[in-house]
Number of protein chains: 2
Amino acid sequence: MSSKPTLAVVGATGVVGGALLGILSTRKSVYGRIRLVASPRSAGRTLTVCGESVEVVALTPDVFDGVDIAMFVVPDAVAAEWAPVAAARGAVVVDTSAVFRMDPDVPLVVPEVNGEQVRPRPRGIVAGPGCLTLAMIVVIGALHRTYGLRELVVASYEAASGAGRAGVDALHDQLERVGGRRELGTLPGDVRAAVGESGPFPAPLALNVVPWAGTVEDGGWSSQELRIREESRKILGLPRLKVAATCVRVPVVTAHSLAVHAVFDRAVDQREAQAVLAGSPGVVLLDDPDRHEFPTPADVVGTDPTWVGRVRRSPDDPKALDLFVCGDNLRKGAALNAAQIGELVAAETADG
Amino acid sequence: MSSKPTLAVVGATGVVGGALLGILSTRKSVYGRIRLVASPRSAGRTLTVCGESVEVVALTPDVFDGVDIAMFVVPDAVAAEWAPVAAARGAVVVDTSAVFRMDPDVPLVVPEVNGEQVRPRPRGIVAGPGCLTLAMIVVIGALHRTYGLRELVVASYEAASGAGRAGVDALHDQLERVGGRRELGTLPGDVRAAVGESGPFPAPLALNVVPWAGTVEDGGWSSQELRIREESRKILGLPRLKVAATCVRVPVVTAHSLAVHAVFDRAVDQREAQAVLAGSPGVVLLDDPDRHEFPTPADVVGTDPTWVGRVRRSPDDPKALDLFVCGDNLRKGAALNAAQIGELVAAETADG
């Protein structure tokens, strides 16, 4: 490899792809050339990355020739088919899809938490976790290092963009239909009637919350609820970590939030926990309710860190903390984490 | 007392008062006369209750003469001053405020859970819990009777009307300002700028969630978070129940929701727990994710029961259940519970 590796971004024209190009353009450049790849439908468009205009090429096996690192920001089915192709052509794949996350031969990496696990990678693939896990795991990882994590109980407040562009469009459509109708929200079904089609969501999202995200799994669990458990266990290296999650969609465009109840091996202290978080890379503590300081999606959207506030020691358990975390699901929740993994891989190839 | 007691409704012209008059009009009549009481500002207005037009009278000590049951649906300060006056004049006070809830001489009653505690009442006052506790306690009480409750971890999704008319108005104002502005929700502060004043909330509520409700207490807890703990303990008769709550406001007009993680003394079973809930008075089970069946605020607003769905046994603890509950915070959350307590008291005076 050359000292400055060649990067391919697969899915460059999507929502997360757009965020990724923006992030690559604002971080220290570690790449030589950047190749932008998308479906044949989007090929031929020109996008700007790191100050240069780059023409988007269609996804074929040949696009990976000479590529050192290939970032995949595409749907699961595309990643399942094409990530192995890229790896076979010699690229290190950084994949944001759900396909390879639980593969024992694929490391699942959040650089602030387990960056050292970026290798070995027997399949040539490194995965990042889902946007919901990423909305909290940097905070949880920092507390785990200090106190030793035993159990998580989480409830999510998930943004519409977790369901892609269709989710964002549906929320805006719905808000347009309910805005100014001050009589709504008082009778059963009035919002449902006003909203009409609920888009990719199983119930109206405007003036509502929807306790469902993902597919139906055994025991009434949603795939997202089980995923945050599996991903947290793998990233933290705690195969028996107790995790119970309830996933709820809220009428927010972008930025996922979670209410977290975390139980540790050792006794916790509110001030100490706040100091640990304030000093952790990738975390911003915003925790002064007297001054109305706590993270909200509207304030953290578009930013890189994981934001945390409402840090409290549980009143009945000296080993438990309750907190509220917020993170941009398109940035740290997908594109930024991929960019950070890419930098780890680039540094290692530069070293090697 | 006569066999049909005389009722006074104090706060008849407020939001909860309006809900209460509607509820009284649709339930089996247990009262002889109904007197409507409000601040001098609202006196003279005529309201309809149980099919009759009744003139609202100003709150003075004399209005309680001859009154058997006085329901208070007023702010804390008014209840603190006037409930003892009504009790001193011989009325049994049913109070929805927070003032007397934790008084050891005042029973805290949810009829489906602990209706037998409506007496003794040494101060002549019976209290109902807050709307957040009421959004879940009928469900929790039913499960406690079956499995023995040990611990609750809850995260709330609280409606704007929990902050009164000002909260509802602020939410509608904000929705009017963001509706149709499809560019919003992508940059930090863009929603804050579009919304302007956030009304009674400490941050914008449209296109956002706000992890705060109540006043600031020791350890960074909000008064609401501590209240749901104290109230649950008293109602269930479990003074050492472990409770950790995180309260979050969401852009919903009316109906509070909670994600609940409940740990019991005995092992639980998903199907059995669903059957227990389906057979419990005041509870409706709506739990079939495959058919998109789960409670949402938009569907339950304006109804009386506590709705529950997403009933799951925790993957790592055979003694724990995770659920999602929804209830109308103005009806069961305040007015309906008061009406039900009033019926218990009326039945006892009819017997006596």
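1. Conventions. Local features in this predicted model need pLDDT of at least 70 and side-chain atom pairs count only at pLDDT 80 or more, while totals for chains, interfaces and linings use all residues; side-chain values use heavy atoms, with hydrogens and water left out. Residues are numbered from 1 along each chain as its sequence is written, and chains are lettered from A and ligands numbered from 1 in the order in which they are written.

2. The same surface serves both copies, as 100% of the contact residues of chain A recur in chain B (contact means heavy atoms within 4.5 Å).

3. Aromatic pairs. Over all chains, the whole structure holds 9 aromatic pairs. Rings of Phe, Tyr and Trp (its six-membered ring) pair if their centres lie within 6.5 Å; planes under 30 degrees apart count as stacked, over 60 as edge-to-face and the rest as tilted. One of the pairs is Y157(A) with Y157(B), stacked at 4.2 Å centre to centre with 25 degrees between the planes. Y157(A) belongs to strand 9 (residues 149-157) of chain A and Y157(B) to strand 9 (residues 149-157) of chain B, so this pair joins two chains. Helices (H or I, at least four residues) and strands (E, at least two) are DSSP runs, numbered from the N terminus.

4. Surroundings of that pair. Y157(A) is buried at a relative accessible area of 0%, and Y157(B) is buried at 0% too. Buried means under 20% relative accessible area, exposed over 50%, and partly exposed in between (1.4 Å probe, protein chains only). Y157(A), F324(A), Y157(B) and F324(B) make up one aromatic cluster.

5. Charges over rings. The charged end of R312(A) sits over the ring of W221(B), 4.6 Å from its centre, and R312(B) lies over the face of W221(A), at 4.6 Å from the ring centre. The criterion is NZ of Lys or CZ of Arg within 6 Å of the ring centre and within 35 degrees of the ring normal.

6. Helix 1 of chain A. Its 12 residues (15-26) reach 17 Å from first C-alpha to last, close to the expected 16 Å (1.5 Å times one less than the number of residues). Buried residues in this helix include G17(A), L20(A) and L24(A).

7. Annotated spans. An unreviewed UniProt entry annotates residues 6-25 and 124-143 of chain A as "transmembrane region"; such annotations may be inferred rather than shown by experiment, and positions follow the numbering used here, with feature names shortened. Residues 6-25 are 55% helix and 20% strand, with end C-alpha atoms 15 Å apart. Residues 124-143 are 55% helix and 15% strand, with end C-alpha atoms 31 Å apart.

8. Two single residues. D103(A), in the loop between strand 7 (92-95) and helix 3 (111-114) of chain A, is buried at 17%. Not counting residues up to four places away in sequence, D103(A) touches R123(A) and K234(A). H256(B) lies in strand 11 (residues 256-264) of chain B and is buried at 0%. Leaving aside neighbours within four places in sequence, the contacts of H256(B) include Y157(B), C131(B) and N329(B).
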